[in-house]
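Thanks, everyone, for making the time this morning.

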Number of protein chains: 2
Amino acid sequence: MEGSARPKPLRVDAQRNRVRVLEAAAAVFAEQGLSASVRDVAARAGVGLGTVARHFPTKELLLDAIVLRAVQEEVDHGNALAAEYEPGRAFFTFLSYLVDRGNANRGLADALTGAGFDVEKAASRADLDVIQVLQRLLDGAQATGDVRPDVDAADVKALVVGCLARERRAPDPAARTRMLAVLRRGLHVAGP
Amino acid sequence: MEGSARPKPLRVDAQRNRVRVLEAAAAVFAEQGLSASVRDVAARAGVGLGTVARHFPTKELLLDAIVLRAVQEEVDHGNALAAEYEPGRAFFTFLSYLVDRGNANRGLADALTGAGFDVEKAASRADLDVIQVLQRLLDGAQATGDVRPDVDAADVKALVVGCLARERRAPDPAARTRMLAVLRRGLHVAGP
DNA sequence: TAAAATACGGAACACGTGTCCCGCTTGTCC
DNA sequence: GGACAAGCGGGACACGTGTTCCGTATTTTA
């Protein structure tokens with residue numbers, strides 16, 4: 001009830017360019033992070049600056065379009081995990097998933113960190129949604145005694161940010177495994 | 001063999017201004033992070049832009065002066081801990097110290113993260129020194145079996161960055177304690 | 001196919017920031 | 001105390017980046 005109820009449909013070339021801009025923006029932000037310039041996006045899309053600006057009058061709106069879509073995928077994945085696995089496994093699998101995604105996409109890592117993009121402000125839903133899903137999975141894992149009860153979702157998010165910081169320069173799957181193992185162990189409830 | 005062997009000693013007002021600039025820079029970078037502007041530093045010091053630029057021709061040199069000094073303190077503290085406590089305690093105390101410092105000084109947190117300052121490049125000694133001390137303390141704690149043997153200093157540094165990310169918006173001593181507890185537990189060797 | 005509406009490209013502008021420069025001031029030395 | 005060197009302030013410049021604007025090109029519609 002939004003994209004189809006517009007007063008006037010976009011011209012075909014405008015539709016095509018909009019898609020191109022979105023694809024280019026996704027690629028550029030994934031590679032360079034959210035501080036990449038709008039010029040880079042326009043060049044990658046093969047369009048002029050004005051075209052980008054018309055579809056997304058402000059860089060923040062362009063970031064919203066990209067980041068919100070990606071975050072929605074994360075939220076969906078988190079909910080799917082919650083439905084499929086028992087709480088503890090769902091939670092820790094989601095952690096691993098977040099780390100993988102953040103390492104593969106610098107823009108997402110930036111969004112999680114809050115670098116160059118105030119997630120809580122304009123695109124408020126974005127970060128909060130990740131936090132909310134994280135909280136939901138965390139609640140489940142804490143209820144079953146799989147995770148120590150004192151930590152909250154913001155703690156977990158920060159730990160994920162730490163994992164992303166590890167591979168910022170040189171990707172290293174072994175390090176990723178180690179970091180996640182430390183998190184797993186650190187978050188587990190103290191044994192008897 | 002450096003500050004006193006200059007061809008000509010600085011004029012007294014130049015010496016005074018140099019100190020003022022350094023103090024202002026330390027304060028501004030601590031508050032705003034390393035991306036704070038040189039103009040802010042000059043204004044805080046009560047001097048003109050030219051004065052800052054003469055003493056530190058480039059922002060990078062100014063950052064070096066501030067960051068290297070602060071990092072040196074951290075290194076010294078780490079070495080003192082190594083001398084005073086047994087390895088495990090020295091290591092975990094140093095972690096706590098790094099987190100406290102990073103939370104109290106946004107510039108140091110930026111330096112640790114590598115935000116707005118390529119520590120490994122010009123001021124190479126800076127970050128590497130923290131890494132080295134961390135590695136030294138870590139080696140000791142691993143030798144005594146206090147810390148799991150697979151992690152390296154870069155892993156630990158990244159985890160500290162994660163702790164700093166937690167309090168970036170709103171300082172929260174309770175969260176800090178929790179995060180450090182998670183780290184402690186996560187880094188401990190697996191029990192029998 | 002011709003007229004009107006719509007979109008395009010990229011130059012121009014605004015703004016923040018690091019760096020450079022020069023006329024004036026202040027400290028130093030005889 | 002006067003001459004000269006050294007330092008000072010802050011305006012000017014260079015540069016990157018987000019945003020705006022308008023003459024031209026393309027699509028839509030009658």
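Before I list any elements, let me say that helices here are DSSP runs of H or I with at least four residues, numbered from the N terminus. Please also keep in mind that this is a predicted model.

Let me take DNA strand D to begin with, where the surface draws at least two residues from each of α1 (12-32), α2 (38-45) and α3 (49-55) of chain A, and likewise from α1 (12-32) and α3 (49-55) of chain B. The element that gives the most is α3(B), with five residues.

Turning to DNA strand C, which elements each supply at least two residues of the surface near it? They are α1 and α3 of chain A, along with α1, α2 (38-45) and α3 of chain B, and the largest share, five residues, comes from α3(A).

Finally, the contact between the protein chains takes 21 residues from chain A and 21 residues from chain B. On the side of chain B that touches chain A, α8 (153-166) and α9 (173-187) are the elements giving two or more residues, and α8(B) provides the largest share, nine residues. That side of chain B comprises twelve nonpolar, four polar and five charged residues.

Technical notes: Residues are numbered from 1 along each chain as its sequence is written. Chains are lettered from A and ligands numbered from 1 in the order in which they are written. This is a predicted model: local features need pLDDT of at least 70, side-chain atom pairs count only at pLDDT 80 or more; totals for chains, interfaces and linings use all residues. Two residues are in contact if their C-beta atoms, placed from the backbone, lie within 7 Å. Ala, Val, Leu, Ile, Met, Phe, Trp, Tyr, Cys and Pro count as nonpolar, Asp, Glu, Lys and Arg as charged, and the others, Gly among them, as polar.
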